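Q: I'd like to learn how to read a structure like this one. Could you take me through it feature by feature?

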Amino acid sequence: MSALRLFGYRDVEAKGAKPWTTQQTFSKELNTESMSDTAAAYARASAEARNVDALAGRATTISRDAGSLNGAPLVKPDGRFQETHRALQRGGNHMDAVVKHIIRAMNHAIDAEKYAHGWVYWTNDKLEAHKRAAEREWASWGRALNTAVAGHHGVGPVFVTGPDGRQVMAVRTGGSLHGGPAVTLPPEVAEGIREKHLESAAGHAAHSESKIKDTIEHYRHKLMDEAAELADLGYELSKGPFRLVLTPEMARYAAGALKKAMKKEKPDLALLKQYTAALRSIAEGVYGDLFRPSDDPRKLTTSELAYLRQFYSAIDAKTLVALGALNIPLGGDPHRVGDPLKTVKATVANGIMMLMNDNIVDTRGGDRPLRWNEAPASIRFFRDVRHLMEGYHGNIPESTLRAIIGQHLGDFNGFGLLMSEATIPSDEEFSIKLARTAIEVERIVGAQSSLQNNIGSSGLLEAAALNTEAAAALLKEEGFLRSLLSQGWDDSTGAGALVTSGTNIPEDMPRTAPEAEKYVRAAYRVLSYAANHHDDILGTFWTRNPGSDIDLAALQRAIGDTAVHHMNLLSVAGQDHEKGTNPRINATDHPWSFEFSPQARHELFNLMNQTEVSVKNKFFTETTEWQHRTALKAFKSDDPKWSTFQNIGTIAGAVAYSQISTPDGSTGWTTVLKAAEIAGATAMLSGDPRIAALGLATDKTMGIIGNIVTGNAEEKADEIKMRALWNVGQHGSLPGLVAITGAAINADYAKMGGLTAQPSLSQGQEPTAGHQKGHITTIRENNKKIHEILKEYEEAFKAQAKPQ
C-alpha cells in the first residue's frame, strides 16, 4: 500500500524560504549566551581603565577570567541589560557613554534574537499544523478507499472518490481483498497531499523568513547607529570582547545600505556616516589620527580584514563613483564645524587603501594578502575603465569615440575624486598602479578634444602620493617622470602632490638617514628636468592649443617647494651631477647631495620667474627667507664658514639673474619683489623673516615701489624691462646683504647685537634703497669681520648674477 511521506523543516527550506537557517546563522553571529559576561567585563573595565583607548583592552583581560565574572545583577527579568545600573556608571562621562552604547548594542542583539526565535517558534507550530492536516487528509482518502472496495462488485477497476470530490482509480496490488481484488491508492494521491501541505508550510516559512530578515535588518540599522556613536567616541570596534559590529554579515549590510542610500536623489549624510562608521573605526585603530597617520601602523586583525573584503565585494563601482562625485552644500563654516561629507569620502577611500596594502596584513597570524586579480571588482574598476577607454579603435567615427571615452571619463573622474580624499597610504605596488593608471588615462584624454576635464587622474595621483617611497621610486624612472611633467593637466594637484611626496625628505626622517637618499636623487631628477624643459612645466604647447584648459600652478608650486627644500644643495657651486661630493653644506650634514651647474641653476630660477604669479611670489619669498635663516644658523655656530655666505650669494645671484633674463614688468613681479624685500628689511633685521612677505600687501610697500624702483606704472614694456635691469644692477645684492647683516645682529655675532637695525631717518621719512645701503656700509666700516663676510657674499653674487 502506498504511504504518505511527511515533511520536515529541511523539506520546507528546499522550497526556497529558510527561516530556520536564517535564524540559526543569526544566533551564531550574535552569540548572546556570552553577553552577560561581556557586560560584566565592561562594567568592571569602565571603573578600572584610564581612558576609552584602554577600555577594550581592560575588558578583554577581564573577560578571560570568566570565572570571576557575574553578569546576573546587570540582567533585567526580560533578559536585557540595565543601561542605568550603577556598575556601568563608574568611569566618568566619556567612558560611561562608550559602555552605554555597547550595552545598548547588546540589548538590540538580544531583542532581535528573541524576535527571530519567536518567528521560528511560530513557523514550527505552522509546520506541525500542516503535517497534521496532511495526515488527516490522507486518512480521509484511506477511508474513501475502504468504502470503494466494499462497494465493488468484483468486475472492472475500483474508483475512489476522495474528500475533495476528486475521483481516482485504485491500483491493483495482486491477491484479493474480501474476495475482491487487492488495491491501493495511486502514488500521486500521497504525493499530491504532501506537496499541497508542504507548499502551504513553505508559504508560512516565507512569511516567517521575511519577518526574521526585517528583524535582522532593523537590528543591523540600530547596531550601525551605535557603531557610529562608538566611533565618534574613539572606541575601536575590533578590540575587546564586544564583537557584534565587525562581522562579514555586518559588512555586507553596510555596503548594501550605502548602495541604497546613494541611489536617492539627495542622499542622507547622516546615514552615509553611519554606514561607513566601521570603516572609519578600523582605519583609526590601525593608523591613529587619520590626518597624521602613524608611520608604524599595526596589522589588521583577521576580523578587520574580513570586514574590508566583504564590504568592497558587496559594494559596486557605480556607488563609489557616485560618492566621489557627490556634493552636498553644508551650512556654517566647514573649517569650524568640519566637513562630514569629506570625512565619509575619506573613510571609504581609506578602506580601499587598507584593503590593498599588503604591509598591514598579518601574514604571521595566517592572513593572506589579496592578489590584484582577487581584488573586488569595485576596486579593479579604475584599471578596467582605463582599458575600456583605450580599447576602442578601428572604424569608429571620431565623434562616437569622443562620446564613448567621455562617458568612461565621467566614471573615472568620480572614482578619482573619491580617492583624492584618502589620507592613509597604501603599499608601494598599489600606489604605483594608481599613478601609472593616472598617466595612462591622461594620455588617452589628452589625445582627444572637446572632452570634459580629466580630474580623476589627479585624484589617483594624490592617493599614490601618500606613499612617499612609491613616489620617489616613480620619479627616478625617466619615462614616468617625463610623462608626469609634460602633460597638459586639467588639474595638476595630484602631479604636484606626487612631486612633493617623492622629493621632500619626510619631516620625521633625518637628512642623514640612509632612507633619505632616494628623495634627494628624485629631487635632482625633477629639478634637472624642470630646468631643461621650461615648455613642459609652463604648458607652452598646451596653452597654444585652442581646445586646452590647463592648470599647472600646483605642479609648478611643487617644483618650487622642492627647490626650496633642497636649497642648500642648489647653493653649492659645481657641475651637474646626481651625487654631490660635499658632505657638509651651510652648517648642515648632507651625506646625500647633488650638484647643479651655474647654467642649470639659472634655468631653474628663470623657470620659476615665469610661473603663475602666486607661485613665483611664494618661491622667491621663501628663497629670501632661506637666505636669512641660513645666515642666522651660520652666525649661531661656533665657527661660521665663509662658504655659507658664498652659497647665499650664489642663490641671491641666481634670483637676480632670473630677473635680468626674464624681467616681467607687466606683472610687477620684479619690482614688487625688490620693494617687498627692502620694505621687509626692518622685519628681517628684527629676526622674523616671515614678516617680509607681508610687505607685498602693504601701502608702505606700494609707496616704496613708486619712490624707489619702478617709476610710472604706465611706462612702455621695454622701458620697464630696462628699469628692471637697472634695479638688479643697483640693488640686486641688497636683499642678501640685509639678510646677512640682520642675521648677524640677531645672533650678536662679533658683538653686533647692540647695533640699530634701521638707518637713522627724519620723522616721517620713508626708507629708500640708498638709506639701507648706506646703513650697511656704516656697519661694514665699523666691523671688519662682517665686512669680509659680505665681500664673500658679493663675489659669489656677482659670479652667479652675471649673464653666461
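Q: Let's start with Arg 220: is it buried or exposed?

A: The idea is to compare the relative accessible area with a cut-off, and buried means under 20%. This is a predicted model, by the way. Arg 220 comes out at 8%, so it counts as buried.

Q: Where in the chain is Arg 220 placed, and which residues is it in contact with, apart from its neighbours within four places in sequence?

A: For this, you look up the element first and then the contact list. Arg 220 belongs to helix H6, which runs over residues 187-232. With those sequence neighbours set aside, Arg 220 touches Phe 26, Glu 29, Glu 249, Met 250 and Tyr 253.

Q: Now the helix pairs. How are H21 and H26 oriented to each other?

A: Read the angle between the axes: 65 to 115 degrees counts as roughly perpendicular. Helix H21 (residues 517-532) and helix H26 (residues 598-608) pack at about 75°, and their axes are 8 Å apart. That's why H21 and H26 are called roughly perpendicular.

Q: Which residues make that contact, and how do they divide by class?

A: H21 brings Leu 527, Ala 530 and Ala 531, while H26 brings Ala 600, Glu 603, Leu 604 and Leu 607. Sorted by class, the contact of H21 with H26 has six nonpolar residues, no polar ones and one charged.

Q: What about H34 and H36: at what angle do they cross?

A: The axes of H34 (residues 734-747) and H36 (residues 784-801) cross at roughly 150° and come within 11 Å. So H34 is roughly antiparallel to H36. The crossing of these two, H34 and H36, is right-handed.

Q: Which residues of H34 and H36 make the contact?

A: On H34, look at Gly 736, Leu 737, Ile 740, Thr 741 and Ala 744; on H36, at Ile 786, Ile 789, Leu 790, Tyr 793 and Glu 794. By class, the H34 contact with H36 counts seven nonpolar, two polar and one charged residues.

Q: Zooming out, how many helices and strands does the chain have?

A: The chain has 36 helices and six strands. Of its 804 residues, 52% are classed as buried. Among contacts with a separation of 6 or more, 74% come from residues 24 or more positions apart.

How values were computed
Residues are numbered from 1 along each chain as its sequence is written. This is a predicted model: local features need pLDDT of at least 70, side-chain atom pairs count only at pLDDT 80 or more; totals for chains, interfaces and linings use all residues. Side-chain values use heavy atoms; hydrogens and water are left out. Axes are lines fitted to C-alpha atoms, for helices over the stretch in contact, and angles run from 0 to 180 degrees between N-to-C directions. Helices (H or I, at least four residues) and strands (E, at least two) are DSSP runs, numbered from the N terminus. Angles under 35 degrees count as roughly parallel, over 145 as roughly antiparallel, 65 to 115 as roughly perpendicular and the rest as oblique. A crossing is left-handed if the near helix is turned anticlockwise from the far one by less than a right angle, and right-handed if clockwise. Contact means heavy atoms within 4.5 Å. Ala, Val, Leu, Ile, Met, Phe, Trp, Tyr, Cys and Pro count as nonpolar, Asp, Glu, Lys and Arg as charged, and the others, Gly among them, as polar. Buried means under 20% relative accessible area, exposed over 50%, partly exposed in between (1.4 Å probe, protein chains only).
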